[in-house]
Amino acid sequence: MQNLLDYTKKELEEFIKPNFRAKQIYEWVYKKNAKSFDDMLNLPKTLREDLNEKFYIDPLKKIKSEKSSDGSIKYLFELKDGKTIETVWLPMKDEIYDEDGNLLRHSRYTVCVSSQVGCKIGCTFCLTAKGGFVRNLTPGEIVAQVHYAKKDNNIPYERRVNIVYMGMGEPLNNLENVKKAIEIFTDNDGLAIAPRRQTISTSGLSSQIKKLGEMDLGVLLAISLHAVNDELREKLMPINRAYNIASIMDAVRNFPIDMRKKVMFEYLMMDNLNDSIKDAKTLVKLLHGIKAKVNLIYFNPHEGSEYKRPSMENMENFQSYLRDHGITCTIRESKGLDISAACGQLKERAKISDR
Ligand code: SAH
Ligand code: SF4
């Protein structure tokens, strides 16, 4: 049996004739939330039977979901082979009403998706890294996370959500499948989520950033920088030995990005390690000439982690320094802390049980 969500519409058209059948199937799956092929009433019965034999459309089984006091929801899904991944649903902005109670703006949501089971990169601060690498997710397993979360939260089809590839795994180590997921997400008969609503976050695999740039998909890029000198970055992220800071900056400078958009630099702040004004100064120099915005992230501690959260004061001073030097800088609200859904706190279920 195969996952139908792994297929782009074009691929379906190649083996389901006539061509318009692929569009109909896409609409049933993504627009009308069909639960099985039997629901797809405008398909001939023989085709439905054939599809039933070869494909499934429900690659994810929800094992658990936890809702945080801030509204974010962490899902634990089981894949068909029994492996597990996590997906986080993040309410970003509340609804706005005018004085008469009319809705001016819908609430906004972001889905944080996993791209791999585990991760090969081995960053020393990250919980996902602890479980090692298990396997890549298929395109359909990535797409299904957004589809599931949207349905589960009763979000009407027409309302678009944003996607960040910031769950488990390094998306650029699974570039072919991530590329296909982006194509499936973007399809107008599918979820119709434009590439500019999708942000790929990477630990800085320069050669892969270059490849992603050459694909010119229109997605946004986020770099997990976390340190401004190679010595510290190597300690935090051993991958820096292969791809140092200079090589990342070079790849970013050549990355095609919409004129109005910026590359995001994620900067995980750890007490007494990278949170000084001296670091902020170096960061300003590094970002010179790049259309960048910086997102400061509180280090989220987990059992056994050797790093500490920085003081609020250091973080704010760091932010002010960047702002004073013309760089957009935000402090990431750490959502879902109470349910361990915050950045770097995601890991496979098997590993949770041996805590
Ligand atoms: N592998 C990709 C995307 C997933 S990680 C990457 O590294 O960019 C998403 C973000 O969570 C990264 O910026 C990562 O550095 C951050 N993160 C990892 N561990 C964390 C922790 N303990 N506290 C806060 N953020 C963490
Ligand atoms: Fe992998 Fe990202 Fe975690 Fe590093 S921070 S181990 S790249 S998931």
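Predicted model: local features only at pLDDT ≥ 70, side-chain atom pairs only at ≥ 80, totals over all residues.
Helix α5 passes helix α6 in a right-handed crossing. On the α5 side, the contact is made by Pro139, Ile142, Val143 and Val146. On the α6 side, Asn177, Val178, Lys180, Ala181, Ile184 and Phe185 take part. Sorted by class, the residues of this contact divide into 8 nonpolar, 1 polar and 1 charged.

A second helix pair can be described in the same terms. Two packed helices are described by the angle between their axes and the distance between the axes. Helix α10, covering residues 277-286, packs with helix α11, covering residues 312-324, at an angle of about 30°, and their axes lie 9 Å apart. Because that angle is about 30° and the limit for roughly parallel is under 35 degrees, α10 counts as roughly parallel to α11. The crossing of α10 and α11 is right-handed. From α10, the residues Ile277, Asp279, Ala280, Lys281, Leu283 and Val284 meet Asn317, Phe318, Tyr321 and Leu322 of α11. By class, this contact of α10 with α11 comprises 7 nonpolar, 1 polar and 2 charged residues.

Glutamine 208 has its place in helix α7, which runs over residues 206-215. The relative accessibility of glutamine 208 is 15%; since buried means under 20% relative accessible area, glutamine 208 counts as buried. Leaving aside residues up to four places away in sequence, glutamine 208 touches Leu172 and Leu175.

The residues surrounding ligand 2 include three cysteines, namely Cys119, Cys123 and Cys126. Ile121, Gly122, Phe125 and Ala129 also belong to the surroundings of ligand 2, as do Gly169, Glu170 and Ser203. Divided by class, the shell around ligand 2 has 6 nonpolar, 3 polar and 1 charged residues.

Note on methods. Residues numbered from 1 in each chain as written. Chains lettered and ligands numbered in written order. Heavy atoms only, no water. Near = heavy atom within 4 Å. Nonpolar A, V, L, I, M, F, W, Y, C, P; charged D, E, K, R; others polar. Axes fitted to C-alpha atoms, helices over the stretch in contact; angles between N-to-C directions. Helix = DSSP H or I, 4+ residues; strand = E, 2+ residues; numbered from the N terminus. Parallel < 35°, antiparallel > 145°, perpendicular 65-115°, else oblique. Left-handed = near helix turned anticlockwise from the far one by under 90°. Contact = heavy atoms within 4.5 Å. Buried < 20%, exposed > 50% of the residue type's maximum accessible area, 1.4 Å probe, protein only.
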